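My notes are below the view.

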Amino acid sequence: MSKEYKSATFAAGCFWGVEARFRDQDGVVDAEVGYTGGHKLDPTYREVCTDTTGHAEAVHLTYDPVRVSFEDLLELFFELHDPTTLNRQGPDIGSQYRSAIYYHDDSQQQAAETMIENLNAAHRFADPIVTEVAPAGTFYRAEEYHQRYFDKTGRRGSCYFR
């Protein structure tokens, strides 16, 4: 019996920590870090770090919707970073560290917009959410040394977490 996996793409600051947290989520089958939302073809990490390519550091997930819903992934996304700071997460500053949800279909777009409305209405955060909600575009997989960075280096504390 073949599984019907789905994709989700999130940007929430330094992608190493975001990837590690999503990998720990039951139902996430795979996670890879990379760059999306920009204008340069096939950007490198060094180029994205200049804040001139328009890309965000992002995590592309493959998940099993039978085991975890997109709404559950959204909840985790909003728990692991500060969605109220524009182009910044902790000490990391620049548009490459923006908060963004890149939707893969209309239902993801609706779920993201509804959750943002509900969180703002409930005043879950002291300031309004500035998370970008945009269609998923080309995802450029980051260089291999960035994939599963914490597993490779044991440096779990090297990324900002809320």
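**Entry 1: histidine 55.** I am working from a predicted model. I looked for histidine 55 and found it in the loop between α2 (45–48) and β3 (56–63). Is histidine 55 buried or exposed? Its relative accessible area is 2%. The cut-off for buried is under 20%, so histidine 55 counts as buried.

I then checked the polar partners of histidine 55. Its side chain makes a polar contact of 2.9 Å with the side chain of threonine 53. The side chain of histidine 55 also reaches the backbone oxygen of lysine 40, at 3.4 Å.

Next I listed contacts of histidine 55, leaving aside neighbours within four places in sequence. Among them are Tyr35, Thr36, Gly37, Gly38, His39 and Lys40. The list also includes Ser95, Gln96, Arg98 and Tyr140.

**Entry 2: helix α3.** I moved to α3, residues 70–79. Phe70, Leu73, Leu74, Leu76, Phe77 and Phe78 are buried there. What do the buried residues of α3 pack against? I noted β1 (6–12), α1 (15–23), β2 (28–36), β3, β6 (99–103) and α4 (106–121).

**Entry 3: α3 against α4.** I looked up the geometry of this pair. The axes come within 10 Å and cross at roughly 45 degrees. The two helices are therefore oblique to each other. The crossing is right-handed. From α3, the contact uses Phe70, Glu71, Leu74, Glu75 and Phe78. From α4, it uses Gln108, Ala111, Ala112, Met115, Ile116 and Leu119. By class, I logged 8 nonpolar, 1 polar and 2 charged residues in this contact.

Methods:
Residues numbered from 1 in each chain as written. Predicted model: local features only at pLDDT ≥ 70, side-chain atom pairs only at ≥ 80, totals over all residues. Heavy atoms only, no water. Helix = DSSP H or I, 4+ residues; strand = E, 2+ residues; numbered from the N terminus. Buried < 20%, exposed > 50% of the residue type's maximum accessible area, 1.4 Å probe, protein only. Polar contact = N/O pair within 3.5 Å; in protein donor to acceptor, adjacent residues only side chain to side chain. Contact = heavy atoms within 4.5 Å. Axes fitted to C-alpha atoms, helices over the stretch in contact; angles between N-to-C directions. Parallel < 35°, antiparallel > 145°, perpendicular 65-115°, else oblique. Left-handed = near helix turned anticlockwise from the far one by under 90°. Nonpolar A, V, L, I, M, F, W, Y, C, P; charged D, E, K, R; others polar.
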